[in-house]
Amino acid sequence: MDPKTLIDTSLAIGLPVPAWFIELFRALGFTLHEVPMNLWYAGIVVAMVFYRVGGVHARRFSSRLMSQMPVIIALGVNFGIVPLLFIQVGYGQIFYPATILMAWFWLGVVALLIPAYYGIYIYASGLGREGDSMAPIKRFVGWASAVCFIAIGFIFSNALSLMENVPSWSELWLRHSFHGAALGTALNLTDVRLVPRWLLMFGLALTTTGVWIAVDSAWFARGESADYRSWARRYAFRVHTLGALWFGVAGAWYSLCTWSPRTIREMFLGGWAVLTVVTALSVLGPWLLLRRKGEIGRPRAALIGLAQLLVLGLNAVSRQVVQRHEIRPYYDLATQATDVQWGPLVGFLAAFGVGIAVVGWLIMQVARLPDGGRTFRRVRQAGDGSWEGAFRQANGGRRGHPPLRSPPAGLWLEVIQGRQV
Ligand code: HEM
């Protein structure tokens, strides 16, 4: 059976935006999704291991990351919607058959995400209230959430690799259907690209976690000791090195052993060779910056963060280019007719711009806090204990909203730290 018969060609209307716009925002959205996603994918595992076997500073980092996690997850899940929209608009004909074949697992993402997210809240609120004396059951919930997130990552890698594995669809459909109706019980397990791809994403997530240790200690951990900062510098480098080695091995396995000969030719010898080399080597950028001796101040941490963003952005672009080559015999975005719909396009751009600006503003408010929001907590404790009282006191006894720079930012920090969520 020709797998092309499973690709819907009945859509008469053209693409609502040009192909380049779809590719650009898919890559941009995925890069934004990837930063927080990496932190819950590998970061939670690192935090749990640090807590179990690490010393006092490792435990401190573990607590910091886990109490930031509710906000990190909220950002990452919302950013994930952007590439999801564009993948559906541009590649629906390929994306839908793949995810219908594995529908139960695909829907399982929601079933796993909700308890995992609750688990993180339970862990973070346990940290806020009980600190190190947190009940073992809450620690267990933290581990269970880490496993759920790894399982979700595995499902995503299945879906994205099955999208490219069009030749296998007919057989999967025949094995997982009932009188012609897909049962949705297939997974892409026999595809050689699945495991290296899954491992590649996890290695990349480890590098982001390493970078976060440095960025967090320079930008958000001003109340921490110099000892903690020196620990953060050393361990940021170690975790990043582990991730970079992991990424290198899995990346070589994935590209050299699983891409089709046509894609290998294009990506290594053809017009895309420069992109392949730059993507592979880009991971050395943050590594070299982390390796340099001396304290990591804010400017250096910002540079390391930007270098990692570049790594993730290049990765997002490369994976899309590879995907286009792999599926070209069945579907080519570039040859689709276009019929631009200006109304939704302008609405999307406006909402996207405002959303990014608000998130940026919130992060800057946290970074501006002089001592990690402690002043505001002290004010609250010294007053009648209520937030209203603390706001009034911080506002010089006046009613109404206090100056924006300090108390509300302190409140936001408490939210980020999971104490008020
Ligand atoms: C429910 C909210 C989420 C949405 C809407 C979402 C969206 C997406 C989208 C659209 C992609 C593909 C991007 C592309 O190729 O253009 C993707 C990839 C990925 N997502 Fe998410 N995501 C969500 C949650 C998660 C969670 C909870 C995890 C857990 C670890 C996760 C892990 C991944 C991974 C590992 C990939 C890369 C898979 C691969 O290419 O092998 N995502 N996500």
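Predicted model: local features only at pLDDT ≥ 70, side-chain atom pairs only at ≥ 80, totals over all residues.

Analyst: Residues are numbered from 1 along each chain as its sequence is written.

User: What makes up the secondary structure of the protein chain?

Analyst: The protein chain has 16 helices and two strands. Helices (H or I, at least four residues) and strands (E, at least two) are DSSP runs, numbered from the N terminus. Of the 421 residues, 40% count as buried; that label requires 20 or more other C-beta atoms within 10 Å of the residue's own, exposed means 12 or fewer, and partly exposed lies in between, with C-beta atoms placed from the backbone.

User: Why is His-179 called exposed?

Analyst: His-179 has 4 other C-beta atoms within 10 Å, and the limit for exposed is 12 or fewer, so the label applies. His-179 lies in the loop between strand E1 (177-178) and strand E2 (181-182). Its phi is near 50°, a positive value in a residue other than glycine. Most residues other than glycine have a negative phi.

User: Why does Leu-28 count as partly exposed?

Analyst: Leu-28 has 19 C-beta neighbours inside 10 Å. Buried requires 20 or more and exposed 12 or fewer, so a count in between is partly exposed. Leu-28 belongs to helix H1, and its C-alpha is 8.4 Å from that of Val-82, 54 residues apart in sequence.

User: How do you know that H1 and H3 are roughly antiparallel?

Analyst: Their axes come within 7 Å and cross at roughly 155°. Axes are lines fitted to C-alpha atoms, for helices over the stretch in contact, and angles run from 0 to 180 degrees between N-to-C directions. Angles over 145 degrees count as roughly antiparallel, under 35 as roughly parallel, 65 to 115 as roughly perpendicular and the rest as oblique; H1 and H3 are therefore roughly antiparallel. Their crossing is left-handed, a term for a near helix turned anticlockwise from the far one by less than a right angle, clockwise being right-handed.

User: Which residues bring H2 and H3 together?

Analyst: Helix H2 (residues 43-53) packs on H3 at about 145°, with the axes 8 Å apart, and this crossing is left-handed. Among the residues that meet are Ala-47 and Phe-50 in H2 and Leu-65 and Met-69 in H3. The contact divides into nine nonpolar, two polar and one charged. Ala, Val, Leu, Ile, Met, Phe, Trp, Tyr, Cys and Pro count as nonpolar, Asp, Glu, Lys and Arg as charged, and the others, Gly among them, as polar.

User: What makes Val-109 partly exposed, and which residues is it in contact with?

Analyst: Val-109, in helix H4, has 16 other C-beta atoms within 10 Å, a count between the two limits, so it is partly exposed. Leaving aside neighbours within four places in sequence, Val-109 is in contact with Ile-152 and Ile-155; contact means C-beta atoms, placed from the backbone, within 7 Å.

User: Which residues are closest to the ligand?

Analyst: The ligand is surrounded by 21 residues, the closest being Gly-80, Gly-153, Phe-156, Ser-157 and Leu-160. A residue is near a molecule if its C-beta atom, placed from the backbone, lies within 6 Å of it. The shell divides into 15 nonpolar, four polar and two charged residues.

How values were computed
Contact = placed C-beta atoms within 7 Å.
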